[in-house]
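Hi,

Here's the structure I said I'd pass along. Have a look at it first, then read on for what turned up.

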Amino acid sequence: MTAPGIGELTERFRRGEATVVEHVQSVLTAVRERDTLGAFVTAAGDEALQTAEQADRRIRERGPDAWRGAPLLGVTVSVKDLLQTRDLPTTRGSLLENRRTREDAPAVARLRAAGAVVIGKTTTSEYGWSASTLGRVAPPTGNPYAPGLTAGGSSGGAAAAVATGLGEGALGTDGAGSIRIPAAFCGVAGYKPSYGRVPYVPNGVDRLAHQGTLARSVADAAALAAVVAGPHPADPDSGLGSIDLPSDSRSQHIGWIEYEGTTDEIRKVTEQAMAALAGQGHRVERVEVRCDDLYPALVDILAAAEAAGAPPEDEEWCDPGRLEIVRYGRTLSGTALMRAEEVRQGLRTRLRSVMRRYGLLAMATVPIEPFDVRAIGPQWAADPRDLLWLAWSPASYPFNMTGQPAVTLPAGLTGSGLPAGVQLVGPVGADEVVLTVAHRLETELGPLPPPHAQHELVPATERTL
C-alpha cells in the first residue's frame, strides 16, 4: 500500500478528491488485513471512524479554514505500544499488568487535538528494553525490505508501519536509538528531538528517553513533532530543549564520524551523503570523538533503571532477555552509578567542545545491516547475559546521554537491497537547523524504491508467535 505524504493528503481533502472517512477506513482495512510484518499489536475501531466523520464535517462547514488550528486534520498516525492511549489497550510490550491510567499521553492528546486520527498501537519490545521487537506479546516485526530480518527497535513496529504505508506517521520513543535504529533499517525518517522538547509522561528516571516521530519524509516527521512539542506540567524536564539556537542552516561546518564496526556496504552507501552535503555548500570534515567507558556507563544506567521498576515477584512474567538486564542492575552500587554519571557528564562536556567547532555532526545511523528477526542483535551481541545488547549501534546512544537532537534519513540501499541511514546531530536546542539540513539532504539523495517491490506479501493470518 502506498500512502501519500501529509501535504499531498491534505490537498486531496481540500479539493474534495477524497474524504477523511474513506482514507481512514482504507488505512484501517490495510492494518487489519495486510499487516504482513507484524507492525501492529492493536488496530483502532469505531472511535477512529467517528473522528474521521467529525473531520469531514469540519471540512464541509469550514472549507480551507478547517485546517486552521488543526494542521493534521485527517492525518493517520500510529502510537508505539509504550505510550498510553485512552481508547486502545497499552501492553507496553509485556505480559505484566499495566497499572497506568488509561488516558492519552500528552503527545497523543496533542496529535488528536491537531486533527490526527490514531489508527493503532505498534509493536515494541518489553518496556522498550532492546533495539528489536522480540518479546512475549506478539511476533517480532519483520523488515519491509526483507521480512526474515529485523525492523529494528524498540520502535520497530512504528518504522515498519510507516515504511509500508500504514499511516502517514508514527509516534515513537528513543532511549538509546529506538526511533533512529528502526527508521534506518526500514528506510524512513526518524527524529529524536532535544531532550525535554516533547514531554514524556511518566518521566524516565534515567533521563535517556525521548519521544519523537517517524514518517516517510523529514518534513512529515517535523510536522508531527511540531504539534507534540512544548512543556507539560507532568514532565519536570519538558521544555528544556524547546529554544532553538540561531544558526545558518545554509552553510554548516559538519564533522563526519565513522564509528568502529562500520561495514563496507554501509560505508559505501552512507558516504554518498558526504558528497551531497559538500555539494550543497557545507564544509564536511572527518572527525573522531572518543569518550572512555561510554558503553559500560550506558549499561549501568539502563540496568539500574530497569531493576528499579522490576520487583522480584514480576520475574515469572518478564521477558527473559530483559530479566537478565534487571538482575545485573540489582548488583550495582550507588558508587557504580555515580561513576556512570561522571562518564555521561564527561561525554556532554566533550561534545559541547566539539559542537563549538562543528555546527552539525553526521554519520551512518547504524554501522551494520539488519540482522535476524528472531534476535536482539547481531550474533556477537545476541545473548543478553553478555550485556552487549546495544553495543552494535554506537552512533545512537551517545546522543541520548547528551540530549542532543538527531535525525536519520535514508541514504540508499546496500548491495543486498537493504536500507542504510545517515544521521545528522546538532547542539541541544538546534532542532530546526538539524531538520532543515536533513530535509535538504533528503531532497538531494532522493527516495528509496518502495519496499513492496522487494518481497512477496504474506497474509497476516499466516504469521505466528
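Start with two helices that touch: Val 218, Ala 219 and Ala 222 in α7 are in contact with Leu 435, Ala 438, His 439 and Glu 442 in α14. Sorted by type, the residues of this contact come out as five nonpolar, one polar and one charged. Keep in mind that this is a predicted model, so everything here is computed.

How do you describe a pair like that? Two packed helices are described by the angle between their axes and the distance between the axes. For α7 (residues 218-228) and α14 (residues 431-445), the axes come within 9 Å and cross at roughly 155°. Angles over 145 degrees count as roughly antiparallel, so α7 is roughly antiparallel to α14.

Next, find Thr 414, in the loop between β12 (406-413) and β13 (419-425). Is Thr 414 buried or exposed? Its relative accessible area is 5%, and because anything under 20% counts as buried, Thr 414 is buried. Which residues does Thr 414 contact, if you skip its neighbours within four places in sequence? They are Glu 265, Ile 266, Val 269, Glu 369 and Ala 420.

Now for the empty spaces. Rolling a probe the size of a water molecule over the atoms shows where empty space is left.

The largest pocket has a volume of about 920 Å³. It is lined by 41 residues, and Arg 92, Arg 100, Tyr 127, Asp 206 and Glu 306 are the ones nearest its centre. Three elements to pick out on screen are β6 (169-174), α10 (294-308) and α11 (320-329), which give two or more residues each to the lining of the largest pocket. The largest share, three residues, comes from α10. By type, the lining of the largest pocket divides into 19 nonpolar, twelve polar and ten charged residues.

The second largest pocket has a volume of about 700 Å³. Its lining has 26 residues, with Tyr 259, Glu 260, Val 289, Arg 290 and Pro 394 nearest the centre. You'll meet α10 again here: α10, α12 (334-357) and α13 (398-402) each supply at least two residues of the lining of the second largest pocket. How does that lining divide by type? The second largest pocket has 19 nonpolar, one polar and six charged residues in its lining.

Happy browsing!

Notes:
Residues are numbered from 1 along each chain as its sequence is written. This is a predicted model: local features need pLDDT of at least 70, side-chain atom pairs count only at pLDDT 80 or more; totals for chains, interfaces and linings use all residues. Side-chain values use heavy atoms; hydrogens and water are left out. Axes are lines fitted to C-alpha atoms, for helices over the stretch in contact, and angles run from 0 to 180 degrees between N-to-C directions. Helices (H or I, at least four residues) and strands (E, at least two) are DSSP runs, numbered from the N terminus. Angles under 35 degrees count as roughly parallel, over 145 as roughly antiparallel, 65 to 115 as roughly perpendicular and the rest as oblique. Contact means heavy atoms within 4.5 Å. Ala, Val, Leu, Ile, Met, Phe, Trp, Tyr, Cys and Pro count as nonpolar, Asp, Glu, Lys and Arg as charged, and the others, Gly among them, as polar. Buried means under 20% relative accessible area, exposed over 50%, partly exposed in between (1.4 Å probe, protein chains only). On a 1 Å grid over the protein atoms alone, a cavity is a set of points where a 1.4 Å probe fits but cannot get out, and a pocket is an open set with protein on both sides within 12 Å along at least five of seven lines; lining residues have an atom within 4 Å of a point. Grid points are joined across faces, edges and corners, and a volume is the space filled by probe spheres set on the points.
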